[in-house]
Amino acid sequence: MQVETPTILKKIVARKHEEITERKARTSYSNLEVAAAVANAHNAPRGFAQALKNKIAAGNAAVIAEIKQASPSKGILRDPFVPADIAKSYAKAGAACLSVLTDSDFFKGHEDFLVEARDACELPVIRKDFMVDEYQVLEARAIGADCILLIAACLSGEKLQTLDEMARDLGMDVLVEVHNRAEMELALQYTQTELLGINNRDLHTFELSLDHTFELMGMVPEERLIVTESGIHTREDVALMRHKNIHAFLVGEAFMRAADPGAKLAEIF
Ligand SMILES: O=C(O)c1ccccc1NCC(=O)[C@H](O)[C@H](O)COP(=O)(O)O
């Protein structure tokens, strides 16, 4: 019998389930509910989707600028890595929002990085992680996240629906991410969120092509806002997207490898 080698995404999701079990043993769901309520009272969501729409309405590109130290496909991207300094640099350069990796095992991320980045500026922040359980949604709000990522490749239709509704009930926005037609159909059927991310990277194989955005964008109804994700490196990439009427971008590596991430943002956009 041939044993199938798990892809990186499958490994991440399997580890995520273990991690959540460990976390639940440390902090109960009800304690987390209290923490999320406290965050809503003192640290209200900043309006992630609205920040993107404001930029676009003003005729600008809306950039979700990512803060990540490492990735499975590229290894270490930045060292030293100071989330608060990166956040300030992005804010000064006109980013609409921040994306902060909180997964530690595969991206060297941490929840503290989200807190530090958010405290350092006024931009809304997405918790970039692999969400598979309601517990993580509560955790996201408890640490101050303004938005969560739901990756269709990791979730059933029912789970997408539950986590999307739960996040929005907590006042957060949701970016639902797809990479192919089947995932797009799932996301459109099971989520109500307006933010629809098309990831140009296949998270199973790391294959990357901006054509994924162009191939899938026609499936997206007008009321959803498309965010093109991954593989944006040059002014030409941005111009190509904007020419096709795509105005919202999620960019990580190109900024993380630059000495001054904000200056790189200003250069490309
Ligand atoms: O980037 C990876 O290696 C990766 C592997 C497995 C799951 C997710 C992964 N990346 C997440 C992302 O797609 C990116 O962080 C994000 O879209 C920004 O992409 P880039 O501008 O190419 O850094």
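Analyst: Strands (E, at least two residues) and helices (H or I, at least four) are DSSP runs, numbered from the N terminus, and two strands pair if DSSP finds at least two bridges between them. This is a predicted model, where local features need pLDDT of at least 70, side-chain atom pairs count only at pLDDT 80 or more, and totals for chains, interfaces and linings use all residues. Residues are numbered from 1 along each chain as its sequence is written.

User: How many bridges join strand 1 to strand 10?

Analyst: Strand 1 (residues 62-67) runs parallel to strand 10, with 4 bridges joining them. Val63, for instance, has Phe249 of strand 10 as its bridge partner.

User: And how many join strand 9 to strand 10?

Analyst: There are 3 bridges, and strand 9 (residues 225-229) also runs parallel to strand 10. Here Glu229 has Leu250 as its bridge partner. Between strands 9 and 10 the chain passes through helix 10 (residues 235-243), a right-handed β-α-β crossover: with the strands pointing away from you, the path from the first strand over the helix to the second runs clockwise.

User: Are the residues of strand 10 buried or exposed?

Analyst: A residue is buried if 20 or more other C-beta atoms, placed from the backbone, lie within 10 Å of its own, exposed if 12 or fewer, and partly exposed in between. In strand 10 (residues 248-251), Ala248 and Leu250 point one way, Phe249 and Val251 the other, and all are buried.

User: Which elements supply the shell around the ligand?

Analyst: Helix 1 (8-26), strand 10 and helix 11 (253-256) each give at least two residues.
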